[in-house]
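This report describes the architecture of an assembly and some of its local backbone features. Please examine the sequence and the structure before reading on.

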Amino acid sequence: MQTIVHLHKFIYMQFSSPVAVSWIAEFIGARLIGNTNAQATGINEIHKVEPGDLVFVDHPKYYDKCINSAASFIIINKETSVPEGKALLVVDNPFDAYCKIVQHFRPFEPSSAMISSTAIVGEGSFIYPNVFIGNHVRIGSNTIIYPNVTIMDHCIIGNNVVIQPGTVIGGSAFYYNTKKDREVWYKKMPDCGRVVIEDDVEIGSGCTIDRGVSHDTIIGKGTRMDNMIHIGHDTVIGKNCLIAAQVGIAGVVNLEDGVTLWGQVGVSKTLTIGANATILAQSGVGGDLKGNRAYFGSPVQDARDKQKELVWVKRIPEIWEKVMKK
Amino acid sequence: MQTIVHLHKFIYMQFSSPVAVSWIAEFIGARLIGNTNAQATGINEIHKVEPGDLVFVDHPKYYDKCINSAASFIIINKETSVPEGKALLVVDNPFDAYCKIVQHFRPFEPSSAMISSTAIVGEGSFIYPNVFIGNHVRIGSNTIIYPNVTIMDHCIIGNNVVIQPGTVIGGSAFYYNTKKDREVWYKKMPDCGRVVIEDDVEIGSGCTIDRGVSHDTIIGKGTRMDNMIHIGHDTVIGKNCLIAAQVGIAGVVNLEDGVTLWGQVGVSKTLTIGANATILAQSGVGGDLKGNRAYFGSPVQDARDKQKELVWVKRIPEIWEKVMKK
Amino acid sequence: MQTIVHLHKFIYMQFSSPVAVSWIAEFIGARLIGNTNAQATGINEIHKVEPGDLVFVDHPKYYDKCINSAASFIIINKETSVPEGKALLVVDNPFDAYCKIVQHFRPFEPSSAMISSTAIVGEGSFIYPNVFIGNHVRIGSNTIIYPNVTIMDHCIIGNNVVIQPGTVIGGSAFYYNTKKDREVWYKKMPDCGRVVIEDDVEIGSGCTIDRGVSHDTIIGKGTRMDNMIHIGHDTVIGKNCLIAAQVGIAGVVNLEDGVTLWGQVGVSKTLTIGANATILAQSGVGGDLKGNRAYFGSPVQDARDKQKELVWVKRIPEIWEKVMKK
C-alpha cells in the first residue's frame with residue numbers, strides 16, 4: 001500500500017517537456033527580447049516562481065520585482081532592460097497572454113463518463129453510486145467515497161480516506177482579475193492546481209474544496225472535517241486538524257498541524273494559523289495567529305481578552321451611573 | 001447567439017390564455033360580485049399585481065389596499081363594495097383558494113428523465129454526467145454545467161455561464177403561511193416563479209438559488225458567486241456583483257449592480273443594497289444600505305464607525321480607571 | 001396510511017437477539033468477572049444505557065458512575081468490584097473493544113444500487129432521478145424526494161415529507177475519540193443511530209442531517225427547514241420548528257416544539273432550547289435557553305438586553321467626554 005500523495009510539494013503548471021520561448025512568444029504574439037534561445041519549463045505566479053518559469057506582470061509597480069525574481073521569462077507590457085540569461089515577452093495584455101498559455105497546456109477536457117477511464121482507484125476502496133470522478137484522478141486504497149460526491153480532474157485522494165455524501169473536491173477557484181472598464185468586470189484566472197487529500201482524512205457531507213490556482217490545495221494526514229466546510233484555492237491544511245461544521249476558509253491560507261476550528265468560523269485569505277491553535281465558534285480570523293492559544297470573536301482576539309471585554313461591555317451602565325453621581 | 005434571458009422582467013404566473021372569472025369562482029366555490037363577465041390573465045401577490053390579475057386578501061387591514069390595487073379580481077373573505085370593472089370572489093379561506101388556483105395551472109410535473117425532453121440546451125454548451133435538468137428549462141450557448149448540479153423546472157440559464165458541481169438552481173422557496181391553531185403550523189405558499197441566470201455569470205460549488213414565489217429570482221450579467229451561497233426566492237442580484245463563500249441572502253432582496261459581499265455575510269429579507277456597496281465578512285444586514293460605501297458588523301454599520309466602536313470598547317477599562325480615580 | 005415513525009423513541013444498537021456475555025468477552029479478548037452466564041441485549045453510551053446493555057469506560061473518574069448505571073455489563077480497563085447480577089469485561093482498551101462489537105453487529109454494508117432493494121417506498125411518493133437510497137431505508141406515503149438527494153442506510157422518512165435537491169440524510173457523525181499520542185489523533189466513534197424524519201416535514205436544498213451515534217437524530221412533525229442547514233448527530237428537533245438558511249446545530253441538541261431559528265444561527269452541542277423560543281439571525285447559542293422568549297447575539301443573550309447593550313456601546317464616547325470634563 002504505497003502513499004500516492006506528495007506532501008506539501010507545491011505543484012504549479014509544469015510543461016510535460018521544455019518549450020522554446022520563441023514558440024511561446026509567437027503563440028501569444030509577443031516581441032521576444034534577451035535570451036531568445038532558451039527553453040521554458042513551466043508557468044507560475046510571482047510568489048511561486050522557480051528558474052525556468054514563465055511569469056507575467058502588467059503593473060509598473062511590480063516590474064522590478066518580477067524581472068528580478070527566480071523566473072527566467074517575463075511576459076510584460078513594456079520593453080525594459082533584462083538581466084543576463086533571461087528573456088522578456090512584450091505584449092499589450094500580459095494577463096490575457098498568461099491565460100492563453102495556461103489554457104493551451106491545460107485545456108478544458110470534459111468527461112462524459114461517471115468515472116473517467118483515466119482515473120485510478122486503489123484496491124479495497126469503495127465508490128458508491130452517483131459519484132463523478134474526473135480525468136486523471138487518483139484514489140488510494142481502502143478509501144470510501146459516498147454517493148453524489150464530485151471529484152474533478154487531476155485530484156489526488158490518499159489511503160483510508162472517507163468522503164461523505166454530496167461533497168465537491170476540485171471545483172474551480174473563486175479568483176478573478178478585475179477591471180471595471182470592461183462590460184464584464186471579473187475575468188477568471190485559469191487554475192492549474194489540484195486538490196490533494198492525504199491519508200486518513202475524513203471529510204463530512206456537503207463540503208467544497210476548491211482546486212489550487214498556481215499550486216495545490218492540500219488537506220493534511222489525519223485531519224477531520226465536519227459538514228458544509230468551504231476550503232478555498234491553494235490553502236494548505238496541516239495534519240490532525242479538527243474543523244467543525246460550516247467553517248469557511250478563503251484562498252492561500254496555511255493551517256499548521258493540530259489546529260481546531262469550531263463551527264461557523266470564517267478565515268480570511270493569505271494568512272497562517274499556528275500549530276495547535278483553537279478558534280472558538282463563529283469567530284472571524286483576519287490575520288496571522290500564533291499557535292497553542294485559544295481565540296474568539298469577530299474580529300478574533302485572544303479568547304480570555306475577548307471574555308474580559310464581554311464583561312466590561314456589560315458594566316457600561318454601571319460606569320455611566322458612577323460618572324453621573326460624581 | 002441570441003440572448004434568451006429577459007432582463008429584470010418579472011415573470012409571475014400568467015395563464016396561457018385568459019380564463020373566465022366565472023369559471024374560477026366556480027372552481028374555488030366563491031360567490032362572484034361585480035364584473036362577472038371578465039377574463040383573468042394571471043394571478044399574483046399584492047405587491048406585484050397588474051390589471052387583469054387575480055389577487056387574494058384575507059385580513060381586513062389590507063382589504064382597501066388590495067381592492068384599490070392594479071388587480072382586477074380580488075379573492076376575499078368578506079363581501080364589500082367593488083370598484084367599477086372589478087370583481088370580488090368571496091370565499092371563507094382566500095389563501096386556500098389562491099393555492100388551489102396556482103396548483104391547477106402549474107401542477108406538480110415530476111420528471112423521471114435526467115434531462116427532461118422539454119429542456120433546451122444551446123450549442124457549445126457542455127452538461128457533465130449526473131446533472132438533473134427539469135421540465136421547460138432553457139440553457140444558452142457555451143455554458144458549462146458541472147456534475148451533480150440540479151436545475152429544476154422552468155429555470156433559464158444564459159450564455160457563457162459556468163455552474164460548479166453540486167449546486168441547486170430552482171429549489172422551492174422557504175415561504176409559509178402560518179396559523180398556530182392548526183396541527184401543522186406552516187403551510188407552504190406555492191411558488192410560480194423561476195430562477196433566471198443571465199449571461200456570463202459564474203456560480204461556485206454547493207450553492208442553492210431558490211425559485212421565485214410570485215416573480216423570478218435573478219442573477220445579473222457578469223456576477224461571480226463563490227461556493228455555498230444561499231439566494232432566497234424572488235431576490236434580484238444586479239450585474240457584476242461579487243459574492244464570497246457562505247453568504248446567505250434571504251427572499252425578496254435587491255442587490256444593485258457592483259455590490260461586493262465578503263464571506264459569511266447574512267442579508268435579511270425585503271431590503272435593498274445600493275450599487276457598489278461593500279459588506280465586510282460575517283456582517284449581518286437587516287435594512288436598506290446606500291451604495292458606494294463599506295459596511296461591517298452584526299448588525300451592520302458604516303465600516304469606519306464600526307472600526308471606531310471596536311476601539312472604544314477596548315478603552316472601557318481605561319475609562320473605569322479614570323472614573324474610580326476622580 | 002400508517003405512520004411509520006416512532007416518535008422520540010431513542011433507538012440505540014439492540015442486538016437482533018440476546019448475546020451471551022461470555023461470547024462477547026471471548027470476541028474482544030476480555031477477562032469476564034461477575035455474572036458470567038448473563039445475556040446482553042444491546043450496547044450503548046453511559047448517558048443512554050438500560051438494563052441488559054453493555055457500556056464501556058476507560059477513565060477512573062467515571063468507573064463508579066458506569067458500574068452503578070443501569071447498564072448490566074461494563075467493558076473496563078481495571079479489575080474492580082462488581083454489583084450483584086452485573087459483569088465486568090476487563091480489557092486494556094475498552095474503546096477499541098466497543099468499536100469492535102459495534103462493527104461486528106452493524107458492519108459496513110455498501111450498496112451499489114441507486115435505490116437499495118431493501119428500501120421501502122410508500123405509495124404516492126415520488127423519487128426523482130439521481131437520488132441514492134441506502135439499505136433498510138423506509139419512506140412513507142405522498143413524500144417527494146428531489147434530485148441528487150442522498151439517504152443513507154437505516155433512515156426513516158415519514159409521510160407528506162418534501163426533501164429538496166442535494167440534501168444528505170444520514171451522513172456519518174462528526175464524533176471522535178481523541179488521543180494525541182497516536183499518529184492519527186482522532187478515531188471515529190462508530191455510529192449506530194439513524195435519522196428519523198417525521199410526517200409533514202419539509203427540508204430545503206443542500207442540507208446535511210447526520211445520523212445518531214447512540215440513538216436517533218429526529219426532525220419533528222411539521223418542522224420546516226430552509227437551505228444549507230446542518231443538523232448534528234443525535235439532535236432532536238421538536239414539532240413545528242422553523243429553521244432558516246445556513247443554521248448549524250451541533251450534536252445531541254434538543255429543540256423543543258415551535259422553536260424558530262433565523263439565518264446563520266449556530267447552536268453548540270448537548271443543550272436544550274425551550275419551546276417557542278426565537279433566536280435572531282447570526283446568534284451563537286452556547287447553553288440552555290428558556291422557551292417563549294427572543295434571543296440575540298454571539299454569545300446569545302435576551303434580545304432586549306442585547307439591544308440595550310448595543311445602544312450603551314454607542315454611548316462610550318459620550319461617557320468619555322463626561323469623564324474628561326469632570
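Is Gln246(B) buried or exposed? Gln246(B) counts as buried, because 30 C-beta neighbours lie inside 10 Å, and the cut-off for a buried residue is 20 or more. The model discussed here is a predicted one. Gln246(B) belongs to the loop that runs between strand E25 (242–243) and strand E26 (248–249) of chain B.

Most residues other than glycine have a negative phi, and most peptide bonds are trans. Asp200(C) is not a glycine, and its phi is positive at about 65 degrees. The residue sits in the loop between strand E18 (195–197) and strand E19 (202–203) of chain C. Asp200(C) counts as buried because it has 23 C-beta neighbours inside 10 Å.

| Cis peptide bond | Omega |
|---|---|
| Ser298(B) to Pro299(B) | about 5 degrees |
| Ser298(C) to Pro299(C) | near 5 degrees |

In chain B, Pro299(B) is placed in the loop between strand E33 (294–296) and strand E34 (301–302). In chain C, Pro299(C) is likewise in the loop between strand E33 (294–296) and strand E34 (301–302).

**Chain A**

Chain A contains 5 helices and 34 strands. Along the principal axes, its C-alpha atoms fill a box of roughly 80 × 60 × 40 Å. The chain has 326 residues, of which 53% count as buried. When contacts in chain A between residues at least 6 apart in sequence are considered, 29% of them join residues at least 24 apart.

**Relation between the chains**

**The contact of chain A with chain B**

The contact between these chains involves 37 residues from chain A and 34 residues from chain B. On the side of chain A that touches chain B, the elements giving two or more residues are strand E15 (168–171), strand E17 (186–188), strand E20 (208–210), helix H4 (303–314) and H5 of chain A. H5(A) gives the most to this side, with 4 residues. By class, the side of chain A that touches chain B has 17 nonpolar, 15 polar and 5 charged residues.

**The contact of chain A with chain C**

Here 34 residues come from chain A and 37 residues from chain C. Helix H5 (residues 316–325) of chain A gives the most to the side of chain A that touches chain C, with 5 residues. That side is made up of 15 nonpolar, 14 polar and 5 charged residues.

Within this contact, H5(A) packs with helix H5 (residues 316–325) of chain C at an angle of about 25 degrees, their axes being 10 Å apart. H5(A) is therefore roughly parallel to H5(C), since angles under 35 degrees count as roughly parallel. The crossing of the helices H5(A) and H5(C) is left-handed. From H5(A), the residues Ile316(A), Ile319(A), Trp320(A) and Val323(A) meet Ile316(C), Ile319(C), Lys322(C) and Val323(C) of H5(C). The residues of this helix contact comprise 7 nonpolar, no polar and 1 charged.

**Asn130(C) and its surroundings**

Which residues are in contact with Asn130(C), leaving aside its neighbours within four places in sequence? They are Asn130(A), Met114(B), Asn130(B), Phe132(B), Pro147(C) and Asn148(C). Asn130(C) itself lies in the loop between strand E8 (126–127) and strand E9 (132–133) of chain C. The residue is buried because 24 other C-beta atoms are within 10 Å. Along the chain, Asn130(C) and Pro165(C) are 35 residues apart, and their C-alpha atoms are separated by 9.7 Å.

Notes. Residues numbered from 1 in each chain as written. Chains lettered and ligands numbered in written order. Predicted model: local features only at pLDDT ≥ 70, side-chain atom pairs only at ≥ 80, totals over all residues. Contact = placed C-beta atoms within 7 Å. Nonpolar A, V, L, I, M, F, W, Y, C, P; charged D, E, K, R; others polar. Buried ≥ 20, exposed ≤ 12 C-beta atoms within 10 Å, placed from the backbone. Axes fitted to C-alpha atoms, helices over the stretch in contact; angles between N-to-C directions. Parallel < 35°, antiparallel > 145°, perpendicular 65-115°, else oblique. Left-handed = near helix turned anticlockwise from the far one by under 90°.
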